Amino acid sequence: MIFKQWILEQIVEYFLYGMFVIAFPFITIMEFNSDLTKNEPIGISLILLTLSLTFSSLLIYSILNLNTLKRINGLSRGQNTALIKKIAEKNNWNIYSSNQQMTILNLNWKESGGFDWGKQLTIIYDGTDILVNCISFGLHSSPSPFHWFANKRKINKLKTEFENGIKNVLQQSV
């Protein structure tokens with residue numbers, strides 16, 4: 001997906017991501033090194049170092065997968081659009097925009113747990129398939145990589161309901 005963004009916004013965004021990825025491991029490595037040189041117990045420093053490296057690894061993975069699309073096999077474009085609209089109504093998702101090429105759904109704030117500033121599902125119709133992405137937004141509508149796992153759950157929920165809808169359509173046609 002291509003987003004039009006001012007170059008300064010991109011620089012600041014990736015600078016902040018880089019700070020999160022680098023700062024915590026750097027601080028914990030320095031603390032761990034300090035404990036080693038002073039012959040102090042390293043247990044807590046080692047635990048914090050492990051946690052910070054794990055957090056940084058997950059954050060890198062989340063940043064790299066922030067704008068990826070998941071392909072879901074569907075039926076025809078018209079049937080796919082109808083199924084998406086049914087799923088949106090069932091889940092009380094607001095249809096922000098809908099046309100022949102794509103549908104954008106805004107998820108309500110309460111459903112996202114209130115830990116982000118909004119969540120948006122983008123569905124692109126590609127022949128008989130659909131391509132899906134979910135993005136959580138931070139302050140000032142910037143994409144947030146901190147909600148990647150929650151976003152993945154929303155995509156999986158849409159996928160499950162979409163595939164169940166396809167089964168129902170196919171059973172009705174038989």
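Modeller: A salt bridge is a side-chain nitrogen of Lys or Arg within 4 Å of a carboxyl oxygen of Asp or Glu. Side chains of opposite charge can pair when their charged atoms come close. The model above is predicted, and it holds three salt bridges.

Colleague: Which residue forms a salt bridge with Asp-126?

Modeller: Arg-71 does, with the closest N and O atoms 2.9 Å apart. This pair links distant parts of the chain, since Arg-71 is in strand 1 (residues 70–73) and Asp-126 is in strand 4 (residues 119–126), 55 residues apart.

Colleague: What does Asp-129 pair with?

Modeller: Asp-129 forms a salt bridge with Arg-71, and here the closest N and O atoms are 3.1 Å apart. Asp-129 lies in strand 5 (residues 129–136) and Arg-71 in strand 1, so the pair ties together parts 58 residues apart in sequence.

Colleague: Is Asp-129 buried or exposed?

Modeller: Asp-129 has 14% relative accessibility. Buried means under 20%, so Asp-129 counts as buried.

Colleague: Which residue meets Lys-90 in a salt bridge?

Modeller: Glu-161 does, at 3.9 Å from N to O. Lys-90 is in helix 3 (residues 77–90) and Glu-161 in helix 4 (residues 148–173), so this pair links distant parts of the chain, 71 residues apart.

How values were computed. Residues numbered from 1 in each chain as written. Predicted model: local features only at pLDDT ≥ 70, side-chain atom pairs only at ≥ 80, totals over all residues. Heavy atoms only, no water. Helix = DSSP H or I, 4+ residues; strand = E, 2+ residues; numbered from the N terminus. Buried < 20%, exposed > 50% of the residue type's maximum accessible area, 1.4 Å probe, protein only.
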